[in-house]
Amino acid sequence: MCIRDRGSLGPAASPTLKSNQGGVLESIATTRLADLSHEAAVGRWGTGLSDLDRTLGGGLVSGSFVLVGGQPGIGKSTLTLQAACGVAVQCQDRPVLYCSGEESLPQLSMRAERLGLEFPPNLLCTADTSLQGLV
C-alpha cells in the first residue's frame with residue numbers, strides 16, 4: 001500500500017500515482033472508492049458447486065481472476081475442472097477456457113470421465129507450463 005500526501009481531492013479528482021525513485025510503482029490511474037458502484041458490476045456466473053459459489057459471494061464475477069491454492073493432492077484441479085464444466089453448461093453461448101499448468105490434456109480427459117462430468121462443447125482446454133504460452 002502506498003500512502004502519500006498529494007493535497008486535497010476535489011469531488012471530481014482522479015489522482016494518478018507515479019513511480020517513486022526506485023521505480024517500484026508505475027503510473028497508475030486511480031478512482032476514489034466513494035465514486036465506485038457495485039451496481040455497475042457485471043453479473044456472476046454460477047459454477048454448479050454450491051459451496052464454491054457461496055465462498056465466491058454468489059459465483060464467479062465476469063472478468064475476475066480467482067487463485068485456488070492448497071497442499072498437493074487436496075483437489076484443486078478436480079474443483080476447478082468441475083467449476084469450469086459447470087460454468088460452460090450455464091453459459092452455452094460463450095466459450096469457457098480451462099488452462100492446466102500441471103496435467104496433460106489426456107489426464108484432464110481421464111479426470112473428467114472419472115468424475116462423470118459432462119463435456120460441454122463450449123468448454124475448451126489447453127495445457128502449458130509457461131504463463132506466456134497461456135496468455
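Which strand does S100 lie in? Select S100 in your viewer and you will find it in strand β5, which covers residues 96-100. Keep in mind as you look around that this is a predicted model.

**Stop 1: S100 and its surroundings**

S100 counts as buried because its relative accessible area is 6%, and buried means under 20%. Now show the neighbours. Leaving aside residues up to four places away in sequence, S100 touches L108, T126, A127 and D128.

**Stop 2: the side chain of S100**

Next, select E102 and E103 and display their backbone atoms. The side chain of S100 reaches the backbone nitrogen of E102 at 3.4 Å. For E103, the backbone nitrogen lies 2.9 Å from a polar atom of that S100 side chain.

**Stop 3: across to C125**

Now select C125. Along the chain, S100 and C125 are 25 residues apart, and their C-alpha atoms are separated by 7.7 Å. How exposed is C125? With 35% relative accessibility, C125 counts as partly exposed.

**Stop 4: C85 and the sulfur atoms**

C85 is buried, at 6% relative accessibility. The cysteine sulfur closest to that of C85 belongs to C125, and the closest one to the sulfur of C125 is in C85.

A search of the whole structure finds 0 disulfides.

Notes:
Residues are numbered from 1 along each chain as its sequence is written. This is a predicted model: local features need pLDDT of at least 70, side-chain atom pairs count only at pLDDT 80 or more; totals for chains, interfaces and linings use all residues. Side-chain values use heavy atoms; hydrogens and water are left out. Helices (H or I, at least four residues) and strands (E, at least two) are DSSP runs, numbered from the N terminus. Buried means under 20% relative accessible area, exposed over 50%, partly exposed in between (1.4 Å probe, protein chains only). Contact means heavy atoms within 4.5 Å. A polar contact is a pair of N or O atoms within 3.5 Å; within protein, one must be able to donate a hydrogen and the other to accept it, and residues adjacent in sequence count only if both atoms are side-chain atoms. A disulfide is a pair of cysteine sulfur atoms within 2.5 Å.
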